[in-house]
Amino acid sequence: MRGYAGKFLEVDLSTESVKETKFSDEILRQYIGGRGLAVKILWDRLGDKWETVDPLGPENILFLFTGPLTGFAPGARLCVSGKSPQSNGVVGSTLGTELAIDLKCAGYDGIIFTGEAEKPVYLFIKDSDVEIKDASHIWGKDSKETLKILVKEGREELRNRYKRPGLWKDPSVVYIGPAGEKKSRLAIVAAKWVHAAGYGGYGAVMGSKKLKAVVVKGTGPLPDVDDMERTMKIADEILKINFKRTVFRRWGTGYAGYDVGASLSSEPVRNWQEEWHDEKSFGVDQFERIWVKSYWGDFGCPTTCLKVAVIKSGPLKGAITDNPDYENQAYLGTNLGIFTPEGNVYMTALIDDLGLCGIQTGNVLGFAGELYQRGILTKEDLGFELKWGDVEAFASLTRMIAERRGIGDILAEGTYRAALKISEMKGVDALKYAVTSKGIGIGAHGIRSEEDYPGYESYACSVQGGDHTSIAKLPIDHGNSELRVILYDSGVFCWFNFFDADAQELIWGLLEAVTGWKITPEDWFGTAARRILHMQRALLLLGGPDVRWKPESDDNVPARWYEPLGKGPHKGKAVDPEKIKKARSEYYEAIGWDEKGIPKSEELRRLGLEDVDKRMEELRKSA
Amino acid sequence: MSETEHIWIARDYSKCSGCRRCEIVCSLSHEGKIWPEASRVRVFMLVPGIEIPHLCVQCDDYPCVDACPVDALSIDRETEAVIVDKEKCTACGRCVEACPGKIPYMHPTENYAVICDLCGGEPKCVEACAEGGWYALETIKREDIPTFKLYAKTPEEITKNVIVKLYGEEWKEVV
């Protein structure tokens, strides 16, 4: 096996036991790593009882996986997965962190966590030395404090235990904040203050397992590859393509906080009541005022799209975060009626510190804002007024969510589940205001204007619900299609360095140079990626235990998007229900699902997924 | 004054993107592998956003060379870089103790110290940094003033300086 370290760590937190696990060449060739392999393991281990597995119970499995291309394809990431407490399916959720590199350099392709610890713990890894350590002193601490303590402790441990002359570099760390500890379904697995595996809600899974953090120092090289010269040659071509990019390098996605609203009319404004704005106060030139670093990135990245922003004066002084990126600008800015860089940076730094997802939290905050606007939630429910643009009020509500205080306890369940609960409490249909798909708050790229990259099928048919980084798209080998993104999430590297069509073409050669496996686009889009997608779809449809999805009603876009846009150049445009139905049918047909959205028997059998077919037969009967 | 021109790797930490391309090209060039822990330049990140590429500054008085009990360290005539004789070095760590910035460290699997050799005069790390337009590391002409040695500082000391510049005075105590 080339490109792989060759073994995985399996940590049972209930019994505090650690062992090494290997997967066959055949399994790895089929499922690669990251998202693909996580889906396969979940199917094998939990598939037959999926509906009863509580994502926040000890039965769930949590994965921190690299892939064979991690460290070789420019822009290293780590894939977090398991049964998602948001969708009750599986999400491959990736984040930028050097932990992916340290892990491979320590000799592991990934970590599989099972069970749940009795008291808070963290995992410490130095090459083959693996230890489950007490984390009671950091339980309850925010992200910045947690990381500070763990970097210091980690270096002390390395210094004391391994008497090697010279300074030890910092180990890398992924962790959860207070929101994860409180099992908020909006909680992230985080790294480096601002990096998040957000979609999926795996911070809550870590919290349920009482696993505060993972700290790794690997001192070996990255694993051997099949053809190093060719690997580095192709990697270099991909680098060069990305060095030529201007917008993403110069401004990151942060140019879009203004641009997507003003030019595409697809940015959430006040809980998606609008998708257009022309607020020049929110231009990236105004953000640039508070940047202290213009390029920031992760291991091997040519783009370095992050920028570091610090508020150095005024009432919000002290907040530090990245630019913010577009999603956080939209969800913790325009979606809350906040149009100042300071307000947005403050909110973004706050969710970082609490370990909350900017998208999911901004989605539920916007939802609460609209319920307040409509008088469904009142000052009595909240303890204060919640007016659009009021940074302090939204910040207070964010803290209540992280701590599960008052109404925050309901909102911590995420927009979809909160809507169900509030509908019941207030005797209204709050789902009308929930902008979600399959329990996942939808990324900040709307479809009503038809100007942005997602289409009608994108969120309705994605196996990761509202995830804007994994959208359904036709043709199935489209540059943004879900089958293509499965390759990035399974090889585990950053999507952002592969927007360019030439870079996308280079990936097959890189995959071969690293692994020695010749996987053609035809193999991938026709076979390998489909296996992963169908298994993800099957697990999403099996769902449970608290909510399940029916394709007929849930392969759809939120009710909000059937309402016409009220402002801007695309005023009056709304989603046409017939168009959604048509797009959905076309997608089902192209991908191999029947007219009810269930993977077809012949398709599953063609791919050797007889066991999946058996479980789908139960659904076909009841559909 | 020396007759040949010598280079020096100037460092502007506030420009470091943390991409660690320097570690990648350095380890590829010296080890034939991507190996951050064996790179002659190591990027410390004691606080996120404060990335510190840590590498030899070629002190004018070379305390590491003086401190070596087995004469494993020498000064390259062409570049004035410190050269480690892998056969002679015993990995005793005296060079680390002698270095004002505690910059040398031991190879993770072999028994010798690793120190930046300036790639014979054309440092790969500088090329990689320039290619990406970051310019945290830049080659400049070395002159005969003691200032260069001042850059031999520990990652903790450097982080303290940079963090005050980037994040503000109140962050000084964090490191």
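In this predicted model, A:Ser172 has a relative accessibility of 8% and therefore counts as buried, the cut-off being under 20%. The residue lies in strand β9 of chain A, which covers residues 172-175. Leaving aside residues up to four places away in sequence, A:Ser172 touches A:Glu98, A:Leu99, A:Asp102, A:Val214, A:Val215 and A:Val216. Two of these neighbours are also reached by the side chain of A:Ser172 at the distances tabulated here.

| Partner of the A:Ser172 side chain | Distance |
|---|---|
| A:Asp102, side chain (polar contact) | 2.7 Å |

A:Asp325 sits in a loop of chain A, between β15 (320-322) and α11 (326-331). Is this residue buried or partly exposed? Its relative accessibility is 24%, so A:Asp325 counts as partly exposed. Between the C-alpha atoms of A:Asp325 and A:Gly252 there are 6.8 Å in space, while 73 residues separate the two in sequence.

Two helices of chain A also pack against each other: α2 (residues 34-46) and α21 (residues 521-542), with axes 9 Å apart and an angle of about 50°. Because of this angle, α2(A) is oblique to α21(A). The crossing of α2(A) past α21(A) is left-handed. On the α2(A) side, the residues in contact are A:Arg35, A:Gly36, A:Val39, A:Lys40, A:Leu42 and A:Trp43. They meet A:Ile532, A:Met535, A:Gln536, A:Ala538, A:Leu539 and A:Leu542 of α21(A). Sorted by class, this contact between α2(A) and α21(A) consists of eight nonpolar, two polar and two charged residues.

Notes: Residues are numbered from 1 along each chain as its sequence is written. Chains are lettered from A and ligands numbered from 1 in the order in which they are written. This is a predicted model: local features need pLDDT of at least 70, side-chain atom pairs count only at pLDDT 80 or more; totals for chains, interfaces and linings use all residues. Side-chain values use heavy atoms; hydrogens and water are left out. Axes are lines fitted to C-alpha atoms, for helices over the stretch in contact, and angles run from 0 to 180 degrees between N-to-C directions. Helices (H or I, at least four residues) and strands (E, at least two) are DSSP runs, numbered from the N terminus. Angles under 35 degrees count as roughly parallel, over 145 as roughly antiparallel, 65 to 115 as roughly perpendicular and the rest as oblique. A crossing is left-handed if the near helix is turned anticlockwise from the far one by less than a right angle, and right-handed if clockwise. Contact means heavy atoms within 4.5 Å. Ala, Val, Leu, Ile, Met, Phe, Trp, Tyr, Cys and Pro count as nonpolar, Asp, Glu, Lys and Arg as charged, and the others, Gly among them, as polar. Buried means under 20% relative accessible area, exposed over 50%, partly exposed in between (1.4 Å probe, protein chains only). A polar contact is a pair of N or O atoms within 3.5 Å; within protein, one must be able to donate a hydrogen and the other to accept it, and residues adjacent in sequence count only if both atoms are side-chain atoms.
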